[in-house]
Each structure stands twice: as C-alpha cells, then as structure tokens.
Amino acid sequence: MLQLNENYLNLNQNYLFSEVAKRVAAYTEANPDKPVIRLGIGDVTKPLTKKTIDALNEGVSHMANAETFKGYGPEQGYMFLREAVVDYYKRNGAEIDADEVFISDGAKSDTGNITDLFGPDNTVLIPDPVYPVYMDSNTMNGRHIELIDANKQNGFTPMPYEGLKADIIYICSPNNPTGASYTRDQLKKWVDFALANNSLILFDAAYECFIEEDVYPHSIFEIEGAKKCAIEFCSLSKTAGFTGTRCGYTIIPKDLVFDASNGTKLSVNSMWTRRQSTKFNGVPYIVQYAAAATLSEEGIRQCKENINYYKENAKIIAKCFEEKGITYFGGINSPYIWFECPNNMYSWDFFDFMLKEIQVVGTPGAGFGKNGDNFFRLTAFGSRENTIEAVKRISEFLDRL
Ligand code: MLT
C-alpha cells in the first residue's frame with residue numbers, strides 16, 4: 001500500500017502567506033467597496049530598472065538568432081553570471097570563487113532544497129520567530145528541530161550559549177521577519193561556535209542590500225573562518241525586484257568538507273553540484289543574462305534608487321510607531337518593521353481587526369513562531385502613496401484603541 005510522507009501531518013494547514021492571502025480574498029469578496037492596502041508579503045512594487053530591462057530585451061534577441069540561441073544551460077548557472085556574483089561580492093568586501101556560486105530561481109527554493117544534503121539525525125537549530133520555509137522544509141523531512149528564542153530581551157539576535165547543541169544552524173540577517181541584524185562581532189561568535197562543534201551555518205542574506213550601517217556584514221564570508229562552516233543564500237528578489245523574474249544564488253565554499261560514516265571525505269559543494277544536476281535544469285538564459293547586467297556597478301546603482309525609495313517608506317512607517325511610543329524593530333537596515341501589537345493583542349486577532357476596521361494588511365507575528373504571538377510585521381515594499389495612506393489609517397486606529 002502507498003505510504004505518504006506523514007511528516008506533512010505536522011505542518012500547519014496552509015503556508016503562512018497562503019493563509020494571509022486566503023483571509024484577504026474572503027474579506028475583499030465580501031466587501032468589494034472597501035479598498036485594501038497590502039503591506040503583508042514582502043513583494044516589491046517598483047518595476048525592474050532600465051539596465052535590467054535592456055538586458056532582458058537583449059537576451060530575448062539572442063534567442064531569436066541561430067548563432068546566439070541557447071538551449072539547455074549548465075545546471076549550476078552560466079559562468080558569466082557566476083563571475084558577476086563574485087565581482088558583486090568583491091565590491092561588498094567578501095572573496096569567493098565562481099565555482100562556489102550556484103545560480104537558482106531564488107533563496108526560498110535553495111534554503112528548502114539544501115535539506116536534501118543532510119542526514120536524518122541532525123539537530124537543526126532554528127530561531128523563533130523565523131521565515132517559515134526553514135521550519136516547514138525540515139518538518140517535511142522529519143528532522144529534529146530545536147528552537148532558539150529571539151525576543152525583545154536579546155534584540156531578536158539570539159547568541160550561542162553554554163551547552164547549546166546544533167548540527168545545522170539557520171541564521172537570517174538582516175532578519176525576516178524582525179528586521180534585526182547581526183553585527184560582525186556577533187556573527188563571529190556564531191562562526192566560532194560552528195567551527196568548534198563541527199556544525200554548519202545556513203546563512204540567508206536575502207536582505208543584505210538594505211544594510212546601510214557598516215557594523216553589519218553583507219555576507220557571512222566577511223567573517224574569518226566562515227568558509228569552513230557556512231553556506232550563504234541570496235537572491236535578486238529584494239535587491240533588484242526579481243520576485244516575479246526569479247533568480248537567486250547560493251554560495252557553497254569548497255572548504256566545506258565533512259567526514260562520512262565510512263571515513264570518506266564528502267564535499268558539500270560536490271554534493272550540491274550532483275543534486276542540482278539531477279533535479280534542476282537551471283534558470284532561463286534570458287533571466288541569467290539580465291541578472292549579470294543587474295549585478296554590474298551601473299546595474300546596482302540603479303537598483304539602489306529603488307531600495308532607497310523602499311527605505312524612505314520604512315522611515316515613514318517607523319516614525320508612526322516612534323510617535324505613538326510603540327516598541328518596534330527593523331526599518332533601518334531592513335524593509336520590515338516588526339512592532340508590538342497594541343494592548344498585547346494576539347497577532348492573528350490584530351490582523352483580522354486591522355483588516356476589518358481599516359483595511360490594512362500586514363503579517364501576524366504568530367505565523368513566524370510563538371515569540372511572534374504579540375508582534376506584527378509591515379513591509380516597506382508598497383508604493384509611497386499606499387504607505388502614506390496605510391500609516392494615516394494605522395495612526396488614527398491606534399488613537400482609537
Ligand atoms: C516575506 O514576505 O517574508 C517574503 O517575501 C517571502 C519570501 O521572500 O519568500
């Protein structure tokens with residue numbers, strides 16, 4: 001008889017953002033005359049930059065010509081893009097090699113798929129609250145998960161402590177959902193812990209382009225020793241507005257070599273090459289061509305204009321909580337503002353209440369873990385007009401509570 005993967009029984013019924021979308025759809029269907037402002041999922045609203053669009057068009061023209069047409073590409077990505085990633089890292093202060101770069105359709109897929117490489121008996125350390133993909137993908141594999149509390153007391157940047165045991169450690173900085181970031185010194189402590197315990201850090205840098213204060217590293221590979229204990233995931237989704245275009249990259253250092261139970265040395269970089277060659281046929285040539293242009297100095301300069309626009313939105317949202325005396329995190333080196341629900345309300349109740357009363361959608365902190373129960377996340381990725389209107393409605397709403 002067919003046996004299904006019953007670990008799926010341990011998941012919430014819906015993925016967090018599907019649940020949010022379901023509730024919003026039900027509300028808009030019942031109230032078509034009440035326009036809703038969506039500051040829930042971190043999806044961008046600014047169009048792609050000119051540099052990206054020009055390169056996309058150029059890529060399309062290559063496909064129209066027999067001399068430049070491309071069929072299947074290398075599963076790990078075209079070398080021209082892998083080298084563009086290396087150059088981007090160099091400009092940000094980290095040295096990596098092109099054969100350590102793997103091109104994918106985004107950090108969400110890779111942070112989930114990477115779990116294919118690890119044995120079933122590892123202990124996985126996941127901060128609470130957390131981007132639900134880490135939690136769900138390890139739950140699907142039936143792995144033992146240990147949670148580490150991220151909360152107001154530790155500024156949402158939990159640190160290793162005496163007696164901590166973890167084989168695989170997820171870190172996201174700047175953090176989704178809390179907007180908090182690890183400084184270089186803090187990250188060095190995690191790297192030292194991983195090196196001392198033969199553990200592996202899975203570092204999600206999807207929001208690095210929002211960093212403006214130099215104490216926060218853009219990449220874990222700015223930290224000494226990280227190449228022996230970390231994998232980094234990043235994408236062009238937030239950096240360049242590729243949420244619908246899809247292109248990401250994962251850096252797996254060649255120094256990541258661990259002992260198999262039969263004494264063989266296993267290279268994580270070779271395992272991922274093998275995994276991707278079997279299960280993935282690469283990102284479309286046209287998208288990779290545009291991604292390489294986007295990562296050039298001029299491409300990133302144009303992206304920064306959009307990032308600065310979102311950062312201004314973040315300031316507008318943060319100012320509202322500042323004025324109301326509400327505790328919040330993020331909003332400076334991050335597109336997320338993570339604030340305490342008024343009157344200690346449960347965040348799903350606050351979500352429903354805001355939707356019904358002022359038609360503003362955010363993401364309830366409870367969807368990211370129990371330490372998010374009384375927190376709420378707003379994104380700065382909306383349009384300026386919607387952000388200003390949402391803040392006006394929230395401000396009046398808070399006064400009424
Ligand atoms: C979020 O809102 O947390 C992100 O947009 C989700 C993602 O990047 O997959």
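The protein chain splits into two domains: domain 1 covers 7-47 + 299-400, and domain 2 covers 50-296. These bounds come from an automatic or database domain assignment. The model is a predicted one, so local features are given only at pLDDT of at least 70 and side-chain atom pairs only at pLDDT 80 or more, while totals for chains, interfaces and linings use all residues. Residues are numbered from 1 along each chain as its sequence is written, and side-chain values use heavy atoms, with hydrogens and water left out.

Domain 1 puts 36 residues into the contact and domain 2 puts in 45, with contact taken as heavy atoms within 4.5 Å. Together the domains bury about 3400 Å², and 60% of that is on carbon and sulfur atoms. Buried area here is the accessible area (1.4 Å probe) that two parts lose on being put together, summed over both. On the domain 1 side, the residues losing the most area to domain 2 are Tyr15, Ile300 and Asn333, which together make up 19% of what that side buries.

Polar links also cross between the domains. There are 20 residue pairs in polar contact between domain 1 and domain 2, both residues being at pLDDT 80 or more. A polar contact is a pair of N or O atoms within 3.5 Å; within protein, one must be able to donate a hydrogen and the other to accept it, and residues adjacent in sequence count only if both atoms are side-chain atoms. The elements giving two or more residues to the domain 1 side are α10 (297-324), β11 (328-330), β12 (336-340) and β15 (375-379). Helices (H or I, at least four residues) and strands (E, at least two) are DSSP runs, numbered from the N terminus. Helix α10 brings the largest share of that side, with eight residues.

Three salt bridges are counted between domain 1 and domain 2, and the count by this rule comes to 23. The rule asks for a side-chain nitrogen of Lys or Arg within 4 Å of a carboxyl oxygen of Asp or Glu. Lysine 370 is in the loop between β14 (363-364) and β15, and aspartate 149 is in strand β4 (residues 144-149), so the pair ties together parts 221 residues apart in sequence.

Aromatic rings pair up too, with 30 aromatic pairs found in a search of the whole structure. Rings of Phe, Tyr and Trp (its six-membered ring) pair if their centres lie within 6.5 Å; planes under 30 degrees apart count as stacked, over 60 as edge-to-face and the rest as tilted. Tryptophan 190 and phenylalanine 193 form an edge-to-face pair, 6.0 Å centre to centre with 80 degrees between the planes. These two residues are three apart in helix α6 (residues 184-197), which means about one helical turn separates tryptophan 190 from phenylalanine 193.

A few backbone spots stand out. Most residues other than glycine have a negative phi, and most peptide bonds are trans. Phenylalanine 156, not a glycine, has a positive phi of about 60 degrees, and it lies in the loop between β4 and β5. The peptide bond from aspartate 128 to proline 129 is cis, with omega near 10 degrees. Another cis bond runs from serine 173 to proline 174, with omega near -10 degrees.
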